[in-house]
Amino acid sequence: MTATVTSHRPQPPAQPVTLRARRLPAYAAPVIAVVALLASAGVVYGAGIGGPVLVVVVAALLYLAGLYAAANAVEGRRAARNRTWSALIHSAFVLAVLPLASVVWTLVSKGSERLDGNFFGTSMNNIGARDANGGAYHAIVGTLEQVGIATLITVPLGVLCAIYVVEYGRGRFAFTIRFFVDVMTGIPSIVTGLFVLAFWVLVVSPWFNDGRPGFSGFAAALALSVLMLPTVVRSTEEMLRLVPAPLREGAYALGVPKWKTILRVVLPTALPGIVTGIMLAIARAAGETAPVLLVAGGGAAINFNPFENNQSSLALFVYQQAGEASKYSPARAWTAALTLVALVLILTVAAKLLARRNRLGR
Amino acid sequence: MAKRIEATDVTAYYGGFKAIENISLTVEPKTVTALIGPSGCGKSTFLRSINRMHEVLPGARVEGSLTIDNQDIYDRDVDVTAVRRMIGMVFQRPNPFPTMSIFENVVAGLRLNGVRRKSILEEAAEKALRSANLWDEVKDRLGKPGAGLSGGQQQRLCIARTIAVEPQVVLMDEPCSALDPISTLAIEDLMFQLKDKFTIIIVTHNMQQAARVSDRTAFFSIEKTGDPGRLIEYDNTQKIFSNPSQKKTEDYITGRFG
């Protein structure tokens, strides 16, 4: 009896005799890469079926296959899979970064042509098709004012809304707000532009504009704030939910009222994340063309007053210059695009620095 | 300073779930009372209902009567923040405010309740940190973040924060469960000193700790999972650990159950 029981006992898995394993030498991967590149170039150019892009694609596939084969032969299956997946992940990273690098390069190389004082100091007023001068001063003013006003409207509204939903909201009402904020996230920007056109420009603004509908930078700011609001609410909401409940309880246990707990403990803890969300919303709003075109109307002259008359914006300026029949306008469009990206970048960096200044240095 | 707490038929719910039922006990001023019992028996729930922290959770509510020096804690006209200022609480895991320095953490309770004068705050911070046996370790780095301290120091920081608002009662919810033995000892020593000024109620899973630090011990238990927790026995700590009158208590403290 005992003998049968023992013989039926499952065999333990074979223990490795040594902890060391055979490894591919360090030069193996680069050598495979070079061989793959040469072979790929030979095949592609030899057969005359493509250019450098196809060479790189074929070389990458050859490299993956060669690496797997070599690793499989020397190191075994697990190591071969590990190497292949690592290579795939790295390729995915390169593929993701390539467009970004390409965009930055194109912007800088083409945008630097008109990067001069005239571009930043003048508007397009009285600039004809044969005039090499002319700049985006009016558009920069418009973007700053419109995005600034939109931010002033959106941030208090959005943050307070998120605080309500996270800290106070119970039941159906809070659920409904969350649902509609989600729906708003998907509204196309042209629709918000049309909404403000129909509601503000055509119906409300005639009341204090002698009965005539008034295009203005403020109307554009309204459209942009409709766009920004869901982003700000959602990101603030997520950040507030990340603040651990024990922090709130710790403050309550000191006899701190709820509103003060939110203001002095919860918000400061979530601040860096909230600022990031706001900056994402600002970046999105600054790049919008359609709503500005619909309700601010564009315009070539400098207009500092966002409440009266047409205003342009950088994104709209890019759109208009790109379509203009003048050999000088593409350069203006590129420089305006570069300016827009630089502006958003500067704002983002500044906001992050400000948010960090409140935190303690370690 | 320290005050007497009387609980009469306290029953607490989480939504439809009854967590504790008909708990009645009296805590004398300037004593340490330990609440012991198996997990889920409602010790923490009872502790949290004493300073009205239970109701912070959605759907949670308390029935019965809880008084502090004959004032009803659950009276309709009572200001919750006043209750919590009178009855401080230290939590299981140290929870210093991450955006505040050590100094700001200690005086958070005072500052957020409107105390502005720097001299008052500094005096209170030093006093509280000295009482929490933390002053010597942090006096040179009061401006550094509270989250940069070790776990035991963070917990003493939280105790300092709690006693800086000069409460009359201090509730401690397993304050040592996340700490090493040396930090635990430091906090137990602290409890001995604090007992001169405060009434202390501590929830603990560590029976040696209950035996070491407390004057009175309350044993809570549940029949089975899903039943409400009940108070089985409440007596002098020495009596509970040497000659308990209930069979269940004896089984629990000798390790035969729970």
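Predicted model: local features only at pLDDT ≥ 70, side-chain atom pairs only at ≥ 80, totals over all residues.

Ile187(A) sits between helix H7 (171-185) and helix H8 (189-204) of chain A. Ile187(A) has 13 other C-beta atoms within 10 Å. A residue counts as exposed at 12 or fewer and as buried at 20 or more, so Ile187(A) is partly exposed. Ile127(A) is 60 residues away from Ile187(A) in sequence and 37 Å away in space, C-alpha to C-alpha.

Now chain B meets chain A. The contact uses 25 residues of chain B and 19 residues of chain A. On the chain B side, helix H2 (80-86), strand E6 and helix H4 (108-111) each give two or more residues. H2(B) supplies the largest share, four residues. By class, the chain B side has 12 nonpolar, nine polar and four charged residues.

Next, the sheet that contains E6(B). Six strands of chain B form an open sheet with mixed pairing, in the order E6-E7-E8-E3-E9-E10. E6 (87-90) and E10 (230-236) of chain B are the edge strands, and each pairs on one side only. From one strand to the next, the twist averages 15 degrees. At the E10 end, strand E9 (residues 216-221) of chain B pairs with E10(B) in the antiparallel sense over six bridges. There, Ala218(B) stands opposite Tyr234(B). Pairing of this kind, parallel or antiparallel, runs through backbone hydrogen bonds.

Helix H7 (residues 151-164) of chain B lies across E6 and E7 of chain B. H7(B) runs at about 175 degrees to E6(B). The helix has 14 residues and reaches 20 Å from its first C-alpha to its last, close to the 20 Å expected at 1.5 Å a residue. Because 13 of its 14 residues are buried, H7(B) is largely enclosed by the rest of the structure. Glu166(B) follows H7(B) and has a positive phi, near 50 degrees.

A further helix, H1 (residues 43-50) of chain B, lies across strand E3 (32-36), E6, strand E7 (169-173), strand E8 (199-203) and E9 of chain B. H1(B) runs at about 150 degrees to E8(B).

Chain B also holds an open sheet of four strands. The order is E2-E1-E4-E5 (chain B), and the pairing is antiparallel. Strand E2 (17-27) and strand E5 (71-72) of chain B have a single partner strand each, so one side of each is left without a neighbour in the sheet. Strand E4 (residues 60-68) of chain B pairs with E5(B) over two bridges. Gln71(B) in E5(B) is the bridge partner of Ile68(B). H1(B) packs on this sheet too, touching strand E1 (5-14), E2 and E4 of chain B. Its direction makes about 115 degrees with that of E1(B).

To sum up, H1(B) touches E1, E2 and E4 of the four-stranded sheet and lies across E3, E6, E7, E8 and E9 of chain B.

Methods
Residues numbered from 1 in each chain as written. Chains lettered and ligands numbered in written order. Pairing = 2+ DSSP bridges. Axes fitted to C-alpha atoms, helices over the stretch in contact; angles between N-to-C directions. Contact = placed C-beta atoms within 7 Å. Expected span 1.5 Å × (residues − 1). Nonpolar A, V, L, I, M, F, W, Y, C, P; charged D, E, K, R; others polar.
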